[in-house]
Amino acid sequence: MEITALTNVGGVSRAFPASEAAGAAGAQATPGAGFGKLLEEMVGKVSDLQQNADQSIQSLAVGESKGLHEVMLAVEKASISFQMLTQVRNKAVEAYQEIMRMPV
Amino acid sequence: MDFFTAMDISASALTAERTRMNLISSNLANVNSTRTAEGGPYRRKDAVFTATPLKDDANSFGAALSRATDARSVAVTRISEDTRPPRLQYEPGHPDADPQGYVAYPNVNVVEEMADMITASRSYEANITATQAAKSMALKTLELMR
């Protein structure tokens, strides 16, 4: 019952639209659109967090009223999400190399 | 990511504790202030903390989960003034002395403020530790992918 309740959230299915599209349209889905789009959105979010961290450091440096801890947390958030992105990229490259090594 | 919710809650607590620390500094600095803009001696100030629901800016899985778990951040909603009477001290030569020669000093007790300061700084440290724990949990989770 718990699991069926979670499907109403929408966040999970929205995060992976490619699988739905592939299930509905089958082979007609454009190749690379699903994961590529996901990766693009992720890069966008990470970039937003990085810019946010940059801006907060700048506002602290010029003396605008912004809490020290808020700046530190913004930097930490940017760092963690960047590491997440790096891991996803590493995994994708690893999968690609694994396939390229496959003898045909 | 839901680890950021924990960090946001800790950040709100850090802001609240910082406000409290500012008020304690103000109380300690004005322990002998006999004049204020409102008239009369300075009155001891204290922060009132309120548990507030999280900002649900995103319709993400993490935001829905934190709403379901009923997590609350903290905010300072009011600065209350202590209603205890001022401390009267016999100083006939003081310019703020009343006709009987008594000067009304602020109702600030330095020892009490020091104890409050220790509480505030320990709470701040506790919230820093919570943030670090959330961060190390997130980083440990990322190590799963290696």
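**Entry 1: helix α3 of chain B.** I looked up which residues of α3(B) are buried in this predicted model. I noted E113(B), A120(B), N127(B), T131(B), A134(B), A138(B) and L142(B). I took buried to mean under 20% relative accessible area.

**Entry 2: the cover.** I then asked what covers the buried residues of α3(B). The cover includes α1 (3-29) of chain B and also α5 (68-100) of chain A.

**Entry 3: the start of the helix.** At the start of α3(B), I found a side-chain oxygen of N109(B) within 3.2 Å of the backbone nitrogen of V111(B).

**Entry 4: the span.** I checked the span of α3(B), which covers residues 110-143. At 1.5 Å a residue, its 34 residues should span 50 Å. The end C-alpha atoms are 49 Å apart, which agrees with that expectation.

**Entry 5: the order of elements.** I recorded three helices and four strands in chain B. Read from the N terminus, the elements follow the order α-β-α-β-β-β-α.

**Entry 6: the overall form.** Along the principal axes, its C-alpha atoms fill a box of roughly 75 × 25 × 20 Å.

**Entry 7: surface and contacts.** I noted that 29% of the 146 residues in chain B are buried. The accessible surface of chain B is about 8,800 Å², and carbon and sulfur atoms account for 57% of this surface. Of the contacts in chain B between residues at least 6 apart in sequence, 66% join residues at least 24 apart.

Note on methods
Residues numbered from 1 in each chain as written. Chains lettered and ligands numbered in written order. Predicted model: local features only at pLDDT ≥ 70, side-chain atom pairs only at ≥ 80, totals over all residues. Heavy atoms only, no water. Helix = DSSP H or I, 4+ residues; strand = E, 2+ residues; numbered from the N terminus. Expected span 1.5 Å × (residues − 1). Buried < 20%, exposed > 50% of the residue type's maximum accessible area, 1.4 Å probe, protein only. Contact = heavy atoms within 4.5 Å. Polar contact = N/O pair within 3.5 Å; in protein donor to acceptor, adjacent residues only side chain to side chain. Areas by Shrake-Rupley, 256 points an atom, 1.4 Å probe, with all protein chains shown as cover.
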